[in-house]
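Subject: Structure for you to look at

Hello,

Please find the structure below, followed by notes on what was found in it.

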Amino acid sequence: MEHIFGVGIGELLSAPVVDETAPVRAEVDVSSLGGAFDWLDARAGWLPESSQWEVTSRLAAVDTEVLHDRKVRRARIGRAQLARALWDYYADAGDGFGAYRGRYGDREVITSILTRPGWVDLGTPLTPDTERFELVSAAEAGGDVDVRHAVDRLAEAAALDVRMTDLPIYRLVEADIERGAIRGSVATSMFSEYALSMDLLEGELVDALAGGGRKLPLRDRFLPDLSAVLDLRGRLCAGGALALCAIARPADPYRGPADFALLVQERSGTVLNAAGRLAVIPKAFHQPLKDARADSRISTTLMRELEEELFGRDEVDGTVGGHRLAAPMHPSRLSEPMRWLMAGAGRLRMECTGFGLNLVSGNYEFAGLVAIDDEEFWTRFGGHVEANWEAVGLRVYSSLDTEQIGALVADESWSNEGLFAFLLGLRRLGELGGDRVRLPELTAIGP
């Protein structure tokens, strides 16, 4: 060792010199990323624990201040700028497909959601008669992982304390959507595969826009054109369900006449998807809770997320706990608000309002409306409604406040899928809400 390092034995055996002026870096716990490490080792053909070593080594060079500065730059890229950049990349859709866009007053908004006329304004109740999803076996989607980007993503997630739990998710293989019938085929995949492949596309695009660049090598590789976007069977198409939640409230001497409380969340920076953006609530990945075949319905995901995101049940949050429960959504375990909703027919109404493919990461998006028409719920349980860790704030809007809702539609903080669901939910609520609803005139334009 003296010969190798060119120093004497005394220096080799002495205590290391500590730079007292250097900032002390806190030890970062990467144990929660174990599933992602296993997946990356297997996909890259590495020996076990190789990716963990790579990520740990990368963490030593990660400057969290630089990462936070990048988050600030990313936040300056508005929703409309992101949508326009994507439609410039993919050009005209054709074949009946196009961007979901809408107009309120003299203002037009465009989203990154690829859809078609038969996929929007569905107004379809989510019941066993109208909602059918088949669990199938499908060949693994995608090709070789981009190892460098995957390692960087895991290191940054660890440094910023982003929650990433490797649980099963549904991958959409086939979709047959029309008014009155929501059908499809799904297979299961692992969240790590999505997080380290398709989900990288959003960050790449936002960074390119923030830096004035045009090169998008990951998008060129994974989603180069609209044919690839529409090839559900040939790629990893993860996705989810999100819905505008509208809760009837009685008249109030200060607030005014009876209305609906409309709930909008501000997403936390520790979530992997739509971090820091506005979204409707509930919003969730479409994934099984326990029984992959029985849990494949969109309504099951929405019910679970109501319990988790609004009624505070951590045991149905896969990132927190509940893994030992055989039936987390069993009636005997429901929260008090949910048990009340289930006790009476017609107290909770869930509808699918639209479907589309989000060009941001290629995800499928089932938009919906969750309406509680009995104002007794708000009187009894309004104080129970509280967003979970995924949100840093929960906003409440009145369905009678045309001015505030118009300003909200124009807010550039929305995620594209969130605005898609919000607009469709408002249009449907306007048809159903009667005197409780007074909304800005919303007109769907295209696709």
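In which strand does Glu 351 lie? Glu 351 lies in strand E11, residues 349–358. Strands (E, at least two residues) and helices (H or I, at least four) are DSSP runs numbered from the N terminus.

Before going on, some notes on the source. This is a predicted model, in which local features need pLDDT of at least 70 and side-chain atom pairs count only at pLDDT 80 or more, while totals for chains, interfaces and linings use all residues. Residues are numbered from 1 along each chain as its sequence is written, and side-chain values use heavy atoms, with hydrogens and water left out.

The whole protein

The protein has 16 helices and 14 strands. Of its 447 residues, 51% count as buried. Buried means under 20% relative accessible area, exposed means over 50%, and partly exposed is in between (1.4 Å probe, protein chains only). The protein exposes about 20500 Å², and carbon and sulfur atoms supply 50% of that area; accessible areas come from the Shrake-Rupley method with a 1.4 Å probe, and for residues only the protein chains shown count as cover. Among contacts with a separation of 6 or more, 72% are between residues 24 or more positions apart. Contact means heavy atoms within 4.5 Å.

Leaving aside neighbours within four places in sequence, Glu 351 is in contact with residues including Gly 123, Pro 125, Leu 369, Arg 428 and Leu 432.

Thr 111 lies in strand E2, residues 107–115. Thr 111 counts as buried because its relative accessibility is 0%. A polar atom of the Thr 111 side chain lies 2.8 Å from the backbone oxygen of Tyr 100. With neighbours within four places in sequence left aside, the contacts of Thr 111 include Arg 79, Trp 87, Tyr 100 and Asn 416.

Aromatic rings

How many aromatic pairs does a search of the whole structure find? The search finds 15. Rings of Phe, Tyr and Trp (its six-membered ring) pair if their centres lie within 6.5 Å; planes under 30 degrees apart count as stacked, over 60 as edge-to-face and the rest as tilted.

One of the pairs is Tyr 89 with Tyr 90, which is edge-to-face at 4.7 Å centre to centre and 75 degrees between the planes. Tyr 89 is partly exposed, at 27% relative accessible area, whereas Tyr 90 is buried, at 6%.

The pair of Phe 311 and Phe 377 is tilted, because the ring centres are 6.1 Å apart and the planes are at 50 degrees. Phe 311 lies in the loop between helix H12 (298–310) and helix H13 (336–343), and Phe 377 in helix H14 (residues 376–381), so the pair ties together parts that are 66 residues apart in sequence. Phe 311 and Phe 377 are both buried.

Ring pairs also link Phe 97, Trp 119, Phe 133, Phe 355, Tyr 364 and Phe 366 into a cluster.

The charged end of Arg 347 sits over the ring of Trp 340, 3.9 Å from its centre. Here, a charge sits over a ring if NZ of Lys or CZ of Arg is within 6 Å of the ring centre and within 35 degrees of the ring normal. Arg 436 has its charged end over the ring of Phe 260, 5.9 Å from the centre.

Helix H4

Which residues of helix H4 (residues 50–59) are buried? They are Ser 51, Val 55 and Leu 59. These residues cover an arc of only 75 degrees around the axis, so they are on the same side of H4; the arc is that of the directions from the helix axis to the C-beta atoms. An α-helix has 3.6 residues a turn, so residues three or four places apart point the same way. The cover over the buried residues of H4 includes helix H3 (34–44) and helix H7 (147–159).

Backbone details

A cis peptide bond joins Ile 281 and Pro 282, with omega about 15 degrees.

Regards

How values were computed
Polar contact = N/O pair within 3.5 Å; in protein donor to acceptor, adjacent residues only side chain to side chain.
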